[in-house]
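User: I would like to learn how to read a few features of a protein model, with the general idea given before each case. Could we go through it step by step?

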Amino acid sequence: MPAATTPPAAGRRTLAVLVLIPVVAALALAVFAWPAARIAPRDLPIGVAGPAAAADAVERQLGRHEGAFEIHRYEDAEAARTAIGDRDVYGAVVVTPRGTELLTASAGSPVVAGLLREAVAAQAPAGTPVPVTDVVATPAGDPRGAVLGASLLPLAIVGAATGAVTVLLGLTGARAVATLAGASTLAGLVGTALADNWLGALAGDWWAEAGVLGLTVLAIGSAFAGLATLLGKPGFGLAAVLTILLGNAFSGMSSAPELLPTGVGALGQWLPPGAGGSALRSVSAFDGAAAGGPLLVLSLWAVAGLTATAFGARRRAEAAPATEPAPVPVG
């Protein structure tokens, strides 16, 4: 009996897998590791408040870190606090007759709060302590912001699973849209119950948090379903790159978008995980301040994905007969 041989096609597939897996692994590691290895302030918005002469001196000192800070001037500490609460700046240096004080918002980014403490302390005269006031602190259940930072990947996976299952089950049109919307709503409710009620990692309006979580899952899920409906299997790959790979790596949730390499943080805010994370920070700790932009981004992704899901399959079905070969006449 002749020895079994591997068909050429199977051999090519095996070789393709052996080549593709290391390339994908290297790409994923590079995408996640490169921004983390290049964390540094880049036009990080911070405030300076106090008498003009003293504030000018502080601004000049901060300006020595070329390109690191985007300085906003305020008349007094109260104005600076308001700006921090509105998410216009991450913190502020306030000069008073008693000395220099630092205002931070660890809920906006614990990493940035720590960076500002180090930068201001380094500029203070030796032996002179700089009082620090955390204007918007992280919730007691998540003092380091770790839970919030780690929440994006599970959301992306849930969204991806929702979109993929919707397509693989053959759901189309209004039924697919209803499935995506319903599953995303439930995911938002369950996620908020876990993160807010159980872990205490969120401290804002419960329903607003649930809405943001649900909309984030919907944006990701509809992106998967819409791209797969339009492009077939390659659509799953494209959606995974945008929402899971680049979306999470460029979100800035573990630090801040302004700490990532130039352009990377901005791109991340146009992808669902980054926009969802920013919106969740806003509704959880800042009473919804600066949530409008991220919510608009999430809504655009959701609408585009749902539209593609609802009408893409119909268009492909209508176009299919035109590409089929004409029947061969019999006889």
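User: Where is Asp205 placed, and how is its relative accessibility to be read?

Analyst: Buried means under 20% relative accessible area, exposed over 50%, and partly exposed in between, with a 1.4 Å probe and protein chains only. Helices (H or I, at least four residues) and strands (E, at least two) are DSSP runs, numbered from the N terminus. In this structure Asp205 sits in the loop between α7 and α8, and because its relative accessibility is 47%, Asp205 counts as partly exposed. The C-alpha atom of Asp205 is separated by 6.8 Å from that of Ser284, although the two are 79 residues apart along the chain.

User: What should I keep in mind about the origin of these values?

Analyst: This is a predicted model, in which local features need pLDDT of at least 70 and side-chain atom pairs count only at pLDDT 80 or more, while totals for chains, interfaces and linings use all residues. Residues are numbered from 1 along each chain as its sequence is written, and side-chain values use heavy atoms, with hydrogens and water left out.

User: How do the axes of α8 and α9 cross?

Analyst: Axes are lines fitted to C-alpha atoms, for helices over the stretch in contact, and angles run from 0 to 180 degrees between N-to-C directions. Angles under 35 degrees count as roughly parallel, over 145 as roughly antiparallel, 65 to 115 as roughly perpendicular and the rest as oblique. Here the axes of α8 (residues 206-231) and α9 (residues 233-249) come within 6 Å and cross at roughly 150°, which means that α8 is roughly antiparallel to α9. The crossing of α8 and α9 is right-handed; a crossing has this name if the near helix is turned clockwise from the far one by less than a right angle, and is left-handed if anticlockwise.

User: Which residues of α8 and α9 make the contact?

Analyst: Contact means heavy atoms within 4.5 Å. From α8 the contact takes Ile220, Ala223, Phe224, Leu227, Ala228 and Leu231, and from α9 it takes Lys233, Pro234, Gly235, Phe236, Leu238, Ala239, Ala240, Thr243 and Ile244. By class, the contact of α8 with α9 holds 12 nonpolar residues, two polar and one charged, where Ala, Val, Leu, Ile, Met, Phe, Trp, Tyr, Cys and Pro count as nonpolar, Asp, Glu, Lys and Arg as charged, and the others, Gly among them, as polar.

User: At what angle do the axes of α1 and α9 cross?

Analyst: The axes of α1 (residues 8-37) and α9 come within 8 Å and cross at roughly 25°, and therefore α1 and α9 are roughly parallel to each other. On the α1 side Leu27, Ala28, Val31, Phe32 and Pro35 take part, and they meet Ile244, Leu245, Leu246, Asn248 and Ala249 in α9. The contact of α1 with α9 has nine nonpolar residues, one polar and no charged ones.

User: How far does α6 reach, and which of its residues are buried?

Analyst: The expected span of a helix is 1.5 Å times one less than its number of residues. Helix α6 (residues 152-168) has 17 residues and reaches 24 Å from its first C-alpha to its last, close to the 24 Å expected. Its buried residues are Leu152, Leu155, Ala156, Gly159, Ala160, Thr162, Gly163, Ala164 and Thr166, and what covers them includes α5 (146-150), α7 (173-198), α8, α9 and α11 (272-285). Just after α6, Gly170 takes a positive phi of about 80°.

User: How many residues of α11 are buried, and what phi does Asp287 have?

Analyst: Helix α11 is mostly covered, with 13 of its 14 residues buried, and its end C-alpha atoms are 20 Å apart, which agrees with the 20 Å that its 14 residues should span. Just after α11 comes Asp287, which has a positive phi of about 55° although it is not a glycine. Asp287 lies in the loop between α11 and α12 (292-323), and it counts as exposed because its relative accessibility is 81%.

User: Where does Arg87 lie, and what is its phi?

Analyst: Arg87 is in the loop between α3 (77-85) and β3 (91-96), and its phi is near 65°, a positive value in a residue other than glycine. At 23% relative accessibility, Arg87 counts as partly exposed.
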